[in-house]
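Here is a walk through one protein chain, taken a region at a time. Keep the sequence and the model side by side as you read.

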Amino acid sequence: MAVPVRIIVTRPALQAVQWVDALNAQGLCASSFALIEIADALSPAQRAQLHQRAAQADVCMWVSANAVSYFWKKKEQFSDVDTAKYAINSIVKNTPQRHWATGPGTVAALQDCGVPTSQIDAPDLHTGQWDSEALWLRVEGQIQPGTQVLILRGVDVGTPSASRDWLAQQVRAAGGVVEFAAVYERRAPQFDAQQMAWAQVASMDGSVWVFSSSQALTHLPPLPESGDGWSRARCVVTHERIAQAARAKGFAVVCMSRPAILDVAQSIKSIL
């Protein structure tokens, strides 16, 4: 009986669970090998100050579900005080505060935290293009001179978030005012000897790696210099920027997929 091909999900541990379960439900043999660790970037006092700043913004742009989770610290309903702040902000400005998101996971996280669906803007889920460019096509009409946009995001040491900076440039060009706030940190995991050996085997045994972030590729464990590197490995990626990074890393097979999990599953099956 043939051994099933391993599917390796590289998303942060908490976000990987849903993908692993969904891929296994599609008859694949998926497991998690997190290449990004998520950590809080705010003290309680900093979080309280950021809540006040966010309540005054016309738009809050959330780069990921992690941004939502770490802003509120927990995925829970708004407290009465927080709800009142947002209601007062809407009354003063005579328009509901907008919440921008680039993907369905972030939309769901906002809804879980009590943000009304009517105040959330995101790319059309049926297009499969869930990035800053697709979001801007939907929201550019909201920006007027002086519109205040707060971008809540994660930070990487020495690695700027280029796509979000692109969005900020569009907002500024339209007359808006942009502010960034870091609510969580993305870090490279520390691998033990067993994990290093596991990754080395998975680089050459036909396993299919799944990347939804180009940063994850930079956190891959180093392989022995005497080997073939990643030239025998194959992967499925969810954006062209990630594909470029995978090719630069040396992956032999790089398959593009829409970021919806069922599309990812189909892309994996296409290269097995």
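Does Asp 121 count as buried or exposed? The model is a predicted one, and in it the relative accessibility of Asp 121 is 12%. The cut-off for buried is under 20%. Asp 121 therefore counts as buried.

Now look at the partner of Asp 121. Its side chain meets that of Arg 98 in a salt bridge, at 2.9 Å from N to O. Arg 98 has a relative accessibility of 18%, so this residue counts as buried too. The pair links distant parts of the chain. Asp 121 sits in strand 6 (residues 120-121), and Arg 98 sits in strand 5 (residues 98-101). The two residues are 23 apart. Side chains of opposite charge can pair when their charged atoms come close.

The structure holds 11 salt bridges. Another of them joins the side chains of Arg 47 and Asp 40, with 2.7 Å between N and O. Arg 47 counts as buried because its relative accessibility is 9%. Asp 40, at 23%, counts as partly exposed.

A further bridge runs between Arg 241 and Glu 133, where the closest N and O atoms are 3.5 Å apart. This pair also links distant parts of the chain: Arg 241 belongs to helix 10, Glu 133 to helix 6 (residues 132-139), and 108 residues separate them. Arg 241 is partly exposed, at 37% relative accessibility. Glu 133 is partly exposed as well, with a relative accessible area of 25%.

Turn next to the strands. Strand 8 (residues 177-187) pairs with strand 3 (residues 37-40). These two run antiparallel and are joined by four bridges. Within that pairing, Ile 38 stands opposite Arg 186 of strand 8. Strand 8 also pairs with strand 7 (residues 148-155). Here the strands run parallel, and eight bridges join them. Gly 154 has Tyr 184 in strand 8 as its bridge partner. In a regular strand the side chains alternate between the two faces of the sheet.

Cys 235 stands opposite Val 254 in strand 11. Strand 10 (residues 234-237) and strand 11 (residues 253-256) run parallel, joined by four bridges. Between them in the unit comes helix 10 (residues 240-249): strand 10, helix 10 and strand 11 make a right-handed β-α-β unit. Helix 10 is also where Arg 241, the partner of Glu 133, is found.

How many disulfides does the structure hold? The count is zero. Cys 235 is in no disulfide, and the nearest cysteine sulfur, that of Cys 255, is 8.6 Å away. Cys 29, by contrast, is partly exposed, with a relative accessible area of 33%.

The aromatic residues come next. The structure holds 12 aromatic pairs. Take Trp 209 and Trp 230: their ring centres are 5.4 Å apart and their planes are at 90°, so the pair is edge-to-face. Trp 209 lies in strand 9 (residues 208-211), while Trp 230 lies in the loop between helix 9 (214-218) and strand 10. They are 21 residues apart, and the pair links distant parts of the chain. Both Trp 209 and Trp 230 are buried. They also belong to one aromatic cluster, together with Phe 33, Phe 191, Trp 198, Phe 211 and Phe 251.

One last stop is the loop between helix 9 and strand 10, where Leu 220 is found. At 6% relative accessibility, Leu 220 counts as buried. The C-alpha atoms of Leu 220 and Pro 189 are separated by 9.2 Å, and the two residues are 31 apart along the chain.

Notes:
Residues numbered from 1 in each chain as written. Predicted model: local features only at pLDDT ≥ 70, side-chain atom pairs only at ≥ 80, totals over all residues. Heavy atoms only, no water. Disulfide = S-S within 2.5 Å. Buried < 20%, exposed > 50% of the residue type's maximum accessible area, 1.4 Å probe, protein only. Pairing = 2+ DSSP bridges. Right-handed = clockwise from strand over helix to strand, strands pointing away. Salt bridge = Lys/Arg side-chain N within 4 Å of Asp/Glu carboxyl O. Phe/Tyr/Trp six-rings, centres within 6.5 Å; stacked < 30°, edge-to-face > 60°.
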